[in-house]
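Trainee: I would like to go through this model with you. Could we begin with the side chains and then move on to the helices?

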Amino acid sequence: MATEHIYKQYDEDLEEIRANIIKMGAIIEEQILDAVNALEDIDTKLAQKVIDRDEAINELETQIDNDCSLVIAKRAPQAKDLRTVLMMLRMSNDLERMGDESAKVAEAVLRINETSRTSKPKINTVKKIATLVLEMLKKSLDAFATLDTDEVVGILEGDKEVDEEYHSYTRELLTFMMEDPRTISSSLELIFVTKALERIGDHIKNISQAIVYIDKGRNVSHASIKEIKKTIN
C-alpha cells in the first residue's frame, strides 16, 4: 500500500506540473492576442495590462522550476518520466521567454503612442504573423497535453512560414523608410514587433521538438523537418 501511495503521489506531482505548463501556455496565448490588439488600436491601457501580467508568468515559471527540481530530488525519475520532467523545465523557460516577447510588443505600443499620436500603423502583416504564431502555440499545447507528435510537423512548417513573412515584411518596411523618411520611426517599431513575434515562433518550435523527445526519446533540435517526420513515423 505504501508503494502504491508513493506512485500515486508521483503521478499527481507530474500532473500538477503538466497542468501549470498548460496554464502558462493559455496565459501566453492571451498575452499575444492582447498585445497585437493593443497595437492595432494603440490601446495603452491594454498594452500596460500585458506588461504588468508578465510578472505572473515569471512567478509561474519559478513554481514549475521548483516543482520539477523537487520531483527529480524526491522521485529520481527514469527513462520517459525523466525526459518529461526535463522537457517541462525547458518548456517553462520557453514560455517565459514568449511572455517577455509579448511584453516587448506592448512596450512598442507605448512608444508608438508617444511618437505617432496622429496615425495608427497599418499592421495587416503583423496580424497575419500573430495568427500563425497563435495557431502554432495552440497546436503545441494540444500536442503536449496528449503527447501527440503528429502535430509537430505542422508546427515546424508554421515556424518556417513565420520566418518567411518576417523577412519579407522587414524588406518592405526598409523600402518604405528609404522612400519616405517620415515612416522611419513607426517602421522601426513594426520591425521590432515582428521580430518579437518571430522569436515567439522559435520558442514554440523548441516546445514541439521537446514533445518529440519526451515521446520518442530522440533529440531532434538540429534535425530537418524531413528527418523529424521519419522519427515521428
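Trainee: Which ring does the charged end of Arg111 sit over?

Mentor: The charged end of Arg111 lies over the ring of Phe192, 4.9 Å from the ring centre. A charge sits over a ring here if NZ of Lys or CZ of Arg is within 6 Å of the ring centre and within 35 degrees of the ring normal.

Trainee: What should I know about the source of these values?

Mentor: This is a predicted model, in which local features need pLDDT of at least 70 and side-chain atom pairs count only at pLDDT 80 or more, while totals for chains, interfaces and linings use all residues. Residues are numbered from 1 along each chain as its sequence is written, and side-chain values use heavy atoms, with hydrogens and water left out.

Trainee: Fine. How many helices and strands are in the protein chain?

Mentor: The protein chain has seven helices and zero strands. These are DSSP runs numbered from the N terminus: helices are H or I with at least four residues, strands are E with at least two. The C-alpha trace of the protein chain spans about 75 × 40 × 20 Å along its principal axes.

Trainee: At what angle do the axes of helix 2 and helix 3 cross?

Mentor: The axes of helix 2 (residues 44–75) and helix 3 (residues 79–115) cross at roughly 165° and come within 9 Å. Axes are lines fitted to C-alpha atoms, for helices over the stretch in contact, and angles run from 0 to 180 degrees between N-to-C directions. Helix 2 and helix 3 are therefore roughly antiparallel, a label for angles over 145 degrees.

Trainee: And which residue classes make up that contact?

Mentor: The contact of helix 2 with helix 3 comprises 17 nonpolar, eight polar and six charged residues. Ala, Val, Leu, Ile, Met, Phe, Trp, Tyr, Cys and Pro count as nonpolar, Asp, Glu, Lys and Arg as charged, and the others, Gly among them, as polar.

Trainee: How do helix 3 and helix 6 cross?

Mentor: The axes of helix 3 and helix 6 (residues 184–216) come within 9 Å, crossing at roughly 170°. Helix 3 and helix 6 are therefore roughly antiparallel. The contact of helix 3 with helix 6 divides into 17 nonpolar, seven polar and 12 charged residues.

Trainee: Switching to helix 5, which residues there meet helix 7?

Mentor: Val152, Val153, Leu156 and Glu157 in helix 5 meet Ile225, Ile228, Lys229 and Ile232 in helix 7, where contact means heavy atoms within 4.5 Å. By class, the contact of helix 5 with helix 7 holds six nonpolar, no polar and two charged residues.

Note on methods. Angles under 35 degrees count as roughly parallel, over 145 as roughly antiparallel, 65 to 115 as roughly perpendicular and the rest as oblique.
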